[in-house]
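Work through the exercises below with the coordinates open. Each task is followed by its solution.

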Amino acid sequence: MKKNLGIVVFLVMVCALCMSCRTNKNSDQKRVITVSGSGTVAVKPDFATLDFSVTKSGWESKRVVPDNAAIMTKVIDAIKATGVSQSDIMTSEISITQEKSWQNGVLRKGQYVSKNQIRVTVRNLSLLGELVDAAVSAGANGLDSLSFGVSDKQTAVRQARSAAIKQAQDAASLLAGASGCKLGPVISIDEIGNPSADRCVYTSKMAVNDASTPIEVGKINVTANVTMSFELQ
C-alpha cells in the first residue's frame with residue numbers, strides 16, 4: 001500500500017512540474033504583429049536612352065551591308081551635330097540575315113536584311129525632339145526604344161524607403177489600438193525585393209514629319225516595399 005501511494009505522489013509531482021514548464025513557456029511568449037508598407041516617390045528624369053536603327057534589304061549582301069553602314073554613319077554624324085557627345089553613342093547591334101520561307105514544301109531564299117543599331121544617351125532632354133528629327137532625316141528608319149532614367153536614384157530610394165516604413169508604422173499603430181493593445185518595439189524590418197523605378201518606355205517605327213517630334217518627359221515613380229514586425233504590449 002505504501003509503495004502504491006509513493007508511486008501516486010511521484011506521478012502527481014511529475015504532472016505538476018510539466019504543467020509548470022508549459023505555463024512558464026506560454027507566459028514568456030511575445031505577442032507579435034506583422035504589417036507591410038509601401039512608399040513611392042515621383043521624380044523627374046534627367047536623361048534619356050534611345051535605340052536608333054537602320055534596316056536595309058537587298059539581294060546581294062556585299063551591297064546591303066556597306067550601304068547600311070554608310071547610312072548609319074550619316075545618322076551618327078547628325079546626332080553628334082545636335083550636341084550629343086561621342087562617348088554617349090554606342091553600337092548595340094549589327095546583324096545580317098537572309099529571309100527564308102517554305103512554299104509547297106520547298107525552301108525559298110529571299111533577300112538579305114542588314115540591321116545596324118546604336119544606343120544614344122541624351123543628357124539634355126530639351127534636345128530630344130530635335131535629335132529624333134535629325135536621325136530620321138539622316139536615314140534612321142527605326143526607333144526601337146526610348147526610355148527615361150534618373151542619375152541620382154539613391155536619393156529617391158531613401159525617400160521611398162522612409163515613406164514605406166512610415167506607412168507600416170501607421171498601420172501597426174492603428175491595428176494595435178483597435179485591438180486594445182499598445183505597440184511595442186520593432187522586432188524586425190525586411191525589404192521586399194529591391195526598390196524599383198518605373199521607366200517610361202516608347203517604341204515605334206519612324207517616319208519623316210515636317211513638324212518637330214513632340215516628346216513629353218513626365219516623371220518616374222521610385223517604389224520601396226517593407227515588412228515590419230512589432231511587439232504588442
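**Exercise 1.** In which helix does alanine 164 lie? Classify the residue by accessibility and list its contacts distant in sequence.

Solution. The model is predicted.
- Step 1: Alanine 164 belongs to helix H4, residues 153–178.
- Step 2: The cut-off for buried is under 20% relative accessible area. Alanine 164 has 0%, so alanine 164 is buried.
- Step 3: Leaving out residues up to four places away in sequence, alanine 164 touches Gly37, Ser38, Gly39, Ala224 and Val226.
- Step 4: For valine 226, the separation from alanine 164 is 62 residues in sequence, against 6.3 Å between C-alpha atoms.

**Exercise 2.** Trace the salt bridges made by lysine 115.

Solution. 
- Step 1: Lysine 115 pairs with glutamate 93, with 3.9 Å between the closest N and O atoms. Lysine 115 is in strand E4 and glutamate 93 in strand E3, so the bridge ties together parts 22 residues apart in sequence.
- Step 2: Lysine 115 also forms a salt bridge with aspartate 144, again with closest N and O atoms 3.9 Å apart. This pair links strand E5, which holds aspartate 144, to strand E4, across 29 residues.

Definitions and conventions: Residues numbered from 1 in each chain as written. Predicted model: local features only at pLDDT ≥ 70, side-chain atom pairs only at ≥ 80, totals over all residues. Heavy atoms only, no water. Helix = DSSP H or I, 4+ residues; strand = E, 2+ residues; numbered from the N terminus. Buried < 20%, exposed > 50% of the residue type's maximum accessible area, 1.4 Å probe, protein only. Contact = heavy atoms within 4.5 Å. Salt bridge = Lys/Arg side-chain N within 4 Å of Asp/Glu carboxyl O.
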